[in-house]
There are 2 protein chains.
Amino acid sequence: MAKFDSTLDLSFAALGDPTRRMILQRLARGAASVSELAAPHDMALPSFMEHLKKLEAAHLITSEKQGRTRICALSPDAFMPARDWLSEQSEIWEGRLDQLDDYVTKLVKERKNDP
Amino acid sequence: MAKFDSTLDLSFAALGDPTRRMILQRLARGAASVSELAAPHDMALPSFMEHLKKLEAAHLITSEKQGRTRICALSPDAFMPARDWLSEQSEIWEGRLDQLDDYVTKLVKERKNDP
């Protein structure tokens with residue numbers, strides 16, 4: 001049961017913000033320094049750093065100091081837990097729709113055979 | 001650009017809570033009344049209704065009054081926007097990893113040919 005799965009909580013919550021999704025979209029294209037990442041955002045650096053912190057706490061990104069620069073990268077399999085959860089629910093849901101479809105087809109057939 | 005995509009904001013934010021994910025997991029198995037949904041949660045009804053409101057605002061569920069009962073159902077394609085966004089980023093990211101892999105293979109080959 002995913003009730004207390006804090007990975008999913010942190011991951012989805014981190015994804016629910018447009019600035020953080022833009023950072024992830026940039027990092028999917030390759031690692032970048034904090035200043036490169038911050039450049040397109042009209043935001044004070046401390047607020048921007050808060051977004052990076054949330055992404056790192058959710059294990060969506062990693063960061064590493066190289067000299068005086070901090071380099072951020074997308075975590076390997078960053079999106080896996082969120083994608084897995086969504087796929088699992090979609091499969092259950094689509095499975096139900098298929099069952100419903102079969103049931104309606106069966107009803108229609110029965111009606112035709114037994115007017 | 002997904003910067004102002006409020007569907008994704010609401011959708012991911014709604015998914016970032018264990019109670020709301022449990023409700024969605026239940027509804028993936030079929031429609032249910034509010035009281036059926038609330039039963040497994042040790043929570044006052046007004047707080048529980050807040051969760052349902054957030055799921056409905058994010059277009060993840062729909063609800064309909066049938067007599068004195070309110071019935072909730074998963075929206076068709078509820079998870080589509082979130083899944084699409086995650087798949088798109090994963091493809092870009094995996095594409096980059098493949099490129100890196102090709103590059104390393106090429107380097108190793110060149111080294112072997114030119115010791």
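Author: Two strands are taken to pair if DSSP finds at least two bridges between them, the helices (H or I, at least four residues) and strands (E, at least two) being DSSP runs numbered from the N terminus. This is a predicted model, in which local features need pLDDT of at least 70 and side-chain atom pairs count only at pLDDT 80 or more, while totals for chains, interfaces and linings use all residues. Residues are numbered from 1 along each chain as its sequence is written, chains are lettered from A and ligands numbered from 1 in the order in which they are written, and side-chain values use heavy atoms, with hydrogens and water left out.

Reader: In what order do the 3 strands of the open sheet in chain B stand?

Author: Strands of a sheet pair through backbone hydrogen bonds, either parallel or antiparallel. In chain B the order of the open sheet is β1-β3-β2, with antiparallel pairing. The edges are held by β1 (32-33) and β2 (61-66) of chain B, each of which has a single partner strand, so one side of each is left without a neighbour in the sheet.

Reader: How many bridges join β2(B) to strand β3 of chain B?

Author: There are 6 bridges between β2(B) and β3(B), the latter covering residues 69-74, and the two strands run antiparallel.

Reader: Which strands of chain A are joined to β3(A) by bridges?

Author: Strand β1 of chain A (residues 32-33) is joined to β3(A) (residues 69-74) by 2 bridges, and strand β2 of chain A (residues 61-66) is joined to β3(A) by 6; in each case the strands run antiparallel. Among the bridge partners, Ser33(A) goes with Ile71(A), and Lys65(A) with Arg70(A). Between β2(A) and β3(A), which form a hairpin, there are 2 residues, and Gly67(A) in the turn has a positive phi of about 65°.

Reader: Turning to helices, how many residues of α2 of chain B are buried?

Author: Buried means under 20% relative accessible area, exposed means over 50%, and partly exposed lies in between (1.4 Å probe, protein chains only). Helix α2(B), residues 18-27, is mostly covered, with 9 of its 10 residues buried; among them are Pro18(B), Arg21(B), Met22(B), Ile23(B) and Leu27(B).

Reader: Which residue caps the N-terminal end of α2(B)?

Author: The cap is Asp17(B), of which a side-chain oxygen lies 2.9 Å from the backbone nitrogen of Thr19(B).

Reader: How many residues does each chain bring to the contact between chain B and chain A?

Author: Contact means heavy atoms within 4.5 Å, and here chain B and chain A bring 38 residues each. The buried area (accessible area, 1.4 Å probe, that two parts lose on being put together, summed over both) is about 3,300 Å², and carbon and sulfur atoms give 62% of this. The interface also holds 6 residue pairs in polar contact, both residues at pLDDT 80 or more; such a contact is a pair of N or O atoms within 3.5 Å, where within protein one must be able to donate a hydrogen and the other to accept it, and residues adjacent in sequence count only if both atoms are side-chain atoms.

Reader: Where do Arg21(B) and its partner in chain A lie?

Author: The side chain of Arg21(B) meets that of Asp9(A) in a salt bridge, 2.7 Å from N to O. This pair crosses from helix α2 of chain B to helix α1 of chain A (residues 6-15), and both residues are buried. Arg21(A) and Asp9(B) also meet in a salt bridge, at 2.8 Å from N to O, crossing from helix α2 of chain A to helix α1 of chain B; both Arg21(A) and Asp9(B) are buried.

Reader: And how far apart are the closest N and O atoms of Lys106(B) and Glu110(B)?

Author: An α-helix has 3.6 residues a turn, so residues three or four places apart point the same way. Lys106(B) and Glu110(B) both lie in helix α5 of chain B, 4 residues apart, or about one turn of the helix, and they form a salt bridge whose closest N and O atoms are 4.0 Å apart. Glu110(B) is partly exposed, with a relative accessible area of 42%.
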